[in-house]
Amino acid sequence: MTWAVWAVTGFLFACGAAMIVLRRQLLAMLMGLELMISAVNIALVYYCSRYADGETLASVLLIIAIAAAEAVVGLSLILKVYEAGREVETESLQELKG
Amino acid sequence: MAQFLAQTSLSGLAPELALAALVCATLMAGLPASGRRYWKLIGPLGALCAFALALTTVPAVEAPGLIRVDGLSIGWQLLIFLAAVPFALLLRGEDEVPTALMLGSLLGMGLLASAGNLLMLFIGLEFMSLPAYLLVARGARRAPAREAAMKYFFAGGTGGSLFLFGLALYYAAGRTLAFSASTGPMAEAGLALMGVGALFKVGAFPFHFWLPDVYESADPELAGFLSTSMKAAAVLLLMRVAALSPHSGFVRCLPWVGGVTALFGALLALRQQRLQRLLAYSSISHAGNVILGVGAWAALGAVPGEASSIYYYLAAYLFMSNGAFLFLRQTGLRERCEVTGLSRRDAPGALLFAVLLLALGGIPPTAGFLAKLLIFWEAIKAAAYGPVILAGAAALASLGYYLGLVRQMYLDEPLPAQAAAPARPGDRFGSIILAACAAPAAVLGLAPWLIGVFSRLLSP
Amino acid sequence: MQRIPGGFAFLPWPVILLFAAPVAALLVSFFIVRPARPRWTHVPILASCAVIAACAIWILSLVLFQNWGLDLPLGGWMVAGDWLVSYGVRVDGLSASVLAMVSIVGGLIHVYASGYMAEDPGFARFFLAFHLFFLAMIGLLLSNSYIQLYLFWELVGFASYLLIGFWWQKKTARRAALQAILTNRLGDFGLFLAALILLAVFHNTRFALIFPAIVNGHYALVSLVGFLLFWAATAKSAQFPLYFWLPDAMEGPTPVSALMHAATMVTAGVFLLARSWPLISTVPVLPDLIAVVGAFTAIAAGIVACAKKDLKRILAYSTVSHLGIMVFGLGLGEVAPAVYHLITHGFFKAVLFLCAGNIAHGLHQPTADLDQVGGLRKKMPFTFVCFTVAALSLGGIWPFAGYFSKDAILDAALHRGPWAIVAGVLIGVTSALYIFRMLFLTFFGPSPRQKGGEHIHEAEPVMAVPVGFITLGTLLGGLLGHSFSTVIKSGWPVAQPIAALPEFSWSTFAVGMSAAAVGAGIAWVIAFVNPSFDWEWRTKYPALESALNSDFGWKPFVRLATAGVVALANAAGFFDHAVVDGAVEGAPRVAGAAGEQGRRLATGRINDYVWWMLAGAAVLLLAVMR
């Protein structure tokens, strides 16, 4: 059973990572980020039921809250990019390099 | 619940509580037009207040399991809050939001320092990063600031996620979120991923790519804050992770990561033309040295009292980096070619910058020299000879740009267009703070007895 | 860290004055007198010489009559753990006696120089350098450790460089000065290495501590130290193979030649060997080697001296030869006779040089040639008398001082074996030969080939009187043999004492006097029976003359060796320039190129950044899981 949980977690995490690496739209990348965090939540929930550890469950809630905060910040940043009149894509964010 | 509340006293968190109160006050009180100039005071007042409170904090374990205030914690909080003072004093902002963001970030760093279990580490990490993303986005130069903030956000998010994944693995192996030593392949993997998260925040190769963009586009004083306060907090995070299991594979790899980072940062800084980007890569190189120190410290048993060399390095770097970025703020210099012949146009400024550059380069008797010496010494004690050689080569290479800049300022003739350029547009206040940063950078190298003081400070 | 007992409070006044007087005189002359009145630069210096001489004589009498001695460390120079390099003062019989000779002869030569150099534009500079040398020599004699002795040894060499090249406008003088200091450098390396080895083995270099330890114990490196010390002495005291700088050093003014390259500086090497005798005597083959080298040098130099025509060159080779005699005596194990000869040689060689200086000064030239003189005894009677006395002393004629010292060495040689006897006899013959040839050809005649020194006149009193006093010393030196034996034994650093001067022996007297007579007889023949012989044989046997001129081929060999070393240095220089400099200058370029390439990693796309992060995490994981 453990391996199944880790397989799911790993797969979702990899999907999320792939979305960040491969997608060009910033919103999609944000979704990938959220996916990664959620994937880890799955593993944590499984383990806290296995170890009967209520504290960890509370931690999962906190992590969800933090992920939400992160999403808020990310969206506000994407909004700022949009307001500046630029395309919400990674290609338009390539001025700083080297 | 009542028992929990009865057991809990939050006296160890006094600085954080004060900061939290100030953040709330700042945000909720709005901005009466008549009190506009007072907002400028809240930031530094908050930082100094936190610093003072941290000084008076006694080590304790609070809210059992969640908060642990030990010598490392207090020491690092002192460092972090002190490093924020220049930024707080020189913060440019039309409204109260940057002040609140800064205080919020400091709060997060304080939580990270006082973390008692792995989850608190994660919370502190995210708490301190989120305001930082927003601060970066509010830079004076709009477009680059937003781009850099975006990059910072995604890189930071990925790092945090990796940290979380590692946390889950470590929890699975150890059955607890508290700081514990676990063995086994899952624990090793978990530790490594948590380490990656920490390394990202510190700016190690190859997790550093966000750093030059962010430091280049941020306001110079913000870049100073990020390179000192934020980096110190990140180093503490790395130390906590490494201390979980001093004999793990991650700790074995850590010195090599440090050495490679140091060399990478130094080499890439050689051909940079934009000054803030150059300082960013130099910051990466210095971070490499610190990582090497952390690796050595962990390999030698992760004894808190022995972290004084890392502490000294961060303390010295606090002054050097803040000073360097403040200099750029004061003079408004952006490109490397603008520095040519500065000694003739602006002698005091050139002198201050030269002192800071020499300190960054590690020339005796500045603080930078003693700092590097101590780190290398610890690394040799931990038998990390290869990484020390890399870091030594990096130090040598770094002289190429530090001394190169000094030479440009003093020995080269100013280009005709620059000779007519106006003198510094900066303000007197900023210059005072700049001098206040440059002086310790120059002189601290003559005070090796500080090491003993730090050792006592850091021991529980 | 050991605290050193002692200090300046324990130093008696004469010893303090021995250093304080010359230092004060130098400072006053350099900073006050020379800028104000250059012509009076010598006044503080002459005063200092008087003080030095008085103190030296006082100290000698203390040693002689009260058996007084002193070995006082004054302070730590470099201290690390139990390693100790200190500076201090040592006064014992050896240093007191040599110091007395040096101070008396030196003081009188200072007076002589004030007349000889009176018309020279570099008058002030001369006296400053000359007195600096004097100070260094005193320091060398009174040193109580090898490192301190090395310091003054180098200082003496430096002063020699300044003074040989005094007339630096002359190319030959510059080259001679350079040759002197470079050759001495070669030898100094040996002394330095020896001092360092001793420091490494014993953790300090004080004579009083090392010699008893060496005699009582057995140390592997002491043999090497002995050979190195002899090498250093070879350079400073002009023995084969490093003697060749001394004849060319005659480019300096005559007072320099008289004091430094006859009486004092060159004897520093012999002094070093005498000082180190407790060490050298424990090394198996070394004393024999020293004796052989000394004898060989003495004979060969004596033969070459017979063929020279420049007055100062003859005396230079004579000095080499007599240093060889001293070294020969040391090698036979006779420390007292060797040092005695050192002292008497100081007196009579100084007289000879000063008389040659008088002649040259009278001719208004830097030096004189046998072609230009002849029959001077009528025109320069005082010089003639002094020269004759000194010549008799050099030739080893009883009852002059030189006889007693040479006799002692000859005595030892006669008891050693056939080769030593042959060497001793040959030495006696050759020294008598060249000095009497010089005496006869200069002061008698003139022969048809000589000009006879037209317009020459006797020296002025300021130059004549000092010569006279030194001549008195030459006369009286022979009487002091017994006292010398007492003095030299005082303060010997090891328990086993050195032997006194030998008693008078008829057989030695006979051998010595007959050898001298043979030499004098040959000189008589050359000068009077066939007055042109000295010029004719040069045209008849040009090969022989060129062989003698090139020191039997040694000088060309040295030139060849030097060329080889220079080629080696050029090769090393090329390597330094091409390889080392190339690497140093190429490294930044490589680093910069690497940096430039590295910058291309940062493409600016967030996706790439995150990709790098994940890849890095994966690599780290792999490394950790290994």
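In this predicted model, the side chains of Asp248(C) and Arg313(C) meet in a salt bridge, with N and O 3.7 Å apart; the term stands for a Lys or Arg side-chain nitrogen within 4 Å of a carboxyl oxygen of Asp or Glu. Asp248(C) sits in helix 9 (residues 245–248) of chain C and Arg313(C) in helix 14 (residues 311–331) of chain C, so the pair ties together parts 65 residues apart in sequence. Helices here are DSSP runs of H or I with at least four residues, numbered from the N terminus. Arg313(C) comes out as partly exposed, at 22% relative accessibility; buried means under 20% relative accessible area, exposed over 50%, and partly exposed in between (1.4 Å probe, protein chains only).

As for ground rules, local features need pLDDT of at least 70 and side-chain atom pairs count only at pLDDT 80 or more, while totals for chains, interfaces and linings use all residues. Residues are numbered from 1 along each chain as its sequence is written, chains are lettered from A and ligands numbered from 1 in the order in which they are written, and side-chain values use heavy atoms, with hydrogens and water left out.

Over all chains the salt-bridge count comes to 26. Another one joins Arg599(C) and Glu596(C), again at 3.7 Å from N to O. Both residues belong to helix 25 (residues 554–599) of chain C and are three residues apart, about one turn of the helix. Arg599(C) is buried at 17%, whereas Glu596(C), at 31%, is partly exposed. Further along, Asp608(C) bridges to Arg605(C), with the closest N and O atoms 3.8 Å apart. Asp608(C) is partly exposed at 22% relative accessible area, and Arg605(C) is partly exposed at 21%.

Arg605(C) also reaches across to chain A, where its side chain meets that of Glu91(A) in a salt bridge (3.6 Å, N to O). One salt bridge is found across the interface of chain A and chain C, along with five residue pairs in polar contact (both at pLDDT 80 or more). A polar contact is a pair of N or O atoms within 3.5 Å; within protein, one must be able to donate a hydrogen and the other to accept it, and residues adjacent in sequence count only if both atoms are side-chain atoms. The contact (heavy atoms within 4.5 Å) takes 15 residues from chain A and eleven residues from chain C. About 1000 Å² is buried there, 58% of it from carbon and sulfur atoms; buried area is the accessible area (1.4 Å probe) that two parts lose on being put together, summed over both. Val21(A), Gln94(A) and Gly98(A) supply 46% of what chain A buries against chain C.

Chain B and chain A bury about 3600 Å² between them, with 74% on carbon and sulfur atoms. Each of the two chains puts in 40 residues. Zero salt bridges are counted between chain B and chain A, but seven residue pairs are in polar contact (both at pLDDT 80 or more). On the side of chain B that touches chain A, two or more residues each come from helix 6 (118–137), helix 7 (142–174), helix 9 (210–217) and helix 12 (275–299) of chain B. Helix 7 of chain B gives the most, with 21 residues.
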